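Reader: I have a structure open and would like to learn how to read it. Please take me through it one feature at a time.

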Amino acid sequence: MSPQARRDDLIRAALDLFGSRAPELVTVDDIVARAEVSRPLFYRYFSSLRELQVEALRTVTDGLIDGLAGLEEGPPETRLRAAVRGLIDVADHYRAGYIALLRSGSVIATSETDAAVDEVRNRAVELILDALGVQDPSPLLLLTLRCWTAVVEGALLSWLQERTVPRESLDTWLVDQLTAMLGATAAHDRSGTFT
């Protein structure tokens, strides 16, 4: 196995374990047992458990950005629904990692993971503006879109933990919320740069 493949395998093992327990409860011994490698081999690729945790969470944020990138062609609502579906798929696939990434007070949160989350948020806002065909958004529109990304994050965290809303309706519900928020913003935005 190549060094990069071995490193990826250790990250995959950590993410698999995150599916059954919080990242801060996963030990080096758990990871090496899952990956079927020795502790010395683990430390050959990662200087510490924390480094692996950050890399694993970065894998989640990269997946979220990739999920956002796959926008379909068509009307804005169709494109946004596809982007939200992509986010839901990635968040569900990396459930525990996603929860750890966004959970306030996570012991593995770092400035690097915070920056990665901000990158996902900024990419989401860019894609929405692109779908709406807005090149010069007003401050109120930007505020609306940033608030909506917080709504999506909160909804996904709750959904991943409780599963009380059917997955099939989650994307439509979230896009409908954005539509309502955009309507309210248009009614209050006096700048003329909303669309």
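Reader: Leaving aside its neighbours within four places in sequence, which residues is Leu-145 in contact with?

Author: Note at the outset that this is a predicted model. Leaving out neighbours within four places in sequence, Leu-145 is in contact with Val-125, Ile-128, Leu-129, Leu-178 and Leu-182.

Reader: What is the general idea behind nonpolar residues in contact like this?

Author: In soluble globular proteins, nonpolar side chains tend to be buried together. Here the largest nonpolar core has 55 residues. Leu-145 is among those with the most contacts inside this core, along with Leu-10, Ile-31, Phe-42, Tyr-98 and Leu-156. Helix α8, residues 139–162, gives the most to the core, with 10 residues.

Reader: How many helices and strands are there in the protein chain?

Author: The protein chain has 9 helices and 0 strands.

Reader: Which residues of helix α2 are buried?

Author: In helix α2, residues 28–35, the buried residues are Val-28, Ile-31, Val-32 and Ala-35. Viewed down the axis of α2, these buried residues fall within an arc of 95 degrees, so they line one face of the helix. After α2 comes Glu-36, whose phi is positive, near 55 degrees.

Reader: What can be said of the protein chain as a whole?

Author: The protein chain has 195 residues, and 47% of them count as buried. It exposes about 9800 Å², of which carbon and sulfur atoms supply 52%. For contacts between residues at least 6 apart in sequence, 68% join residues at least 24 apart.

Reader: Now the charged residues. How should I read a salt bridge?

Author: Side chains of opposite charge can pair when their charged atoms come close. This structure holds 14 salt bridges. One of them is between Arg-7 and Glu-51, where the closest N and O atoms are 3.8 Å apart. Arg-7 is in helix α1 (residues 3–18) and Glu-51 is in helix α4 (residues 49–69), so the pair ties together parts that are 44 residues apart in sequence.

Reader: Why does Arg-7 count as buried?

Author: The relative accessibility of Arg-7 is 19%, and buried means under 20%. Glu-51 has 27% and counts as partly exposed, because that class runs between the buried cut-off and the exposed one, which is over 50%.

Reader: Which residue does Arg-81 form a salt bridge with?

Author: Arg-81 pairs with Asp-171, the closest N and O atoms being 3.9 Å apart. This pair also links distant parts of the chain, with Arg-81 in helix α5 (residues 76–93) and Asp-171 in helix α9 (residues 167–188), 90 residues apart. Both Arg-81 and Asp-171 are buried.

Reader: Where do Asp-118 and Arg-121 lie?

Author: Both are in helix α7 (residues 111–132), 3 residues apart, which is about one turn of the helix. Asp-118 is partly exposed, with a relative accessible area of 36%, and Arg-121 is partly exposed at 30%.

Reader: Which residues do salt bridges that share partners join into one network?

Author: That network is made up of Asp-89, Asp-92, Arg-163 and Arg-167.

Key. Residues are numbered from 1 along each chain as its sequence is written. This is a predicted model: local features need pLDDT of at least 70, side-chain atom pairs count only at pLDDT 80 or more; totals for chains, interfaces and linings use all residues. Side-chain values use heavy atoms; hydrogens and water are left out. A salt bridge is a side-chain nitrogen of Lys or Arg within 4 Å of a carboxyl oxygen of Asp or Glu. Helices (H or I, at least four residues) and strands (E, at least two) are DSSP runs, numbered from the N terminus. Buried means under 20% relative accessible area, exposed over 50%, partly exposed in between (1.4 Å probe, protein chains only). Contact means heavy atoms within 4.5 Å. Accessible areas come from the Shrake-Rupley method with a 1.4 Å probe; for residues, only the protein chains shown count as cover. The arc is that of the directions from the helix axis to the C-beta atoms. A nonpolar core is a set of buried Ala, Val, Leu, Ile, Met, Phe, Trp, Tyr and Cys residues joined through side-chain atoms within 4.5 Å.
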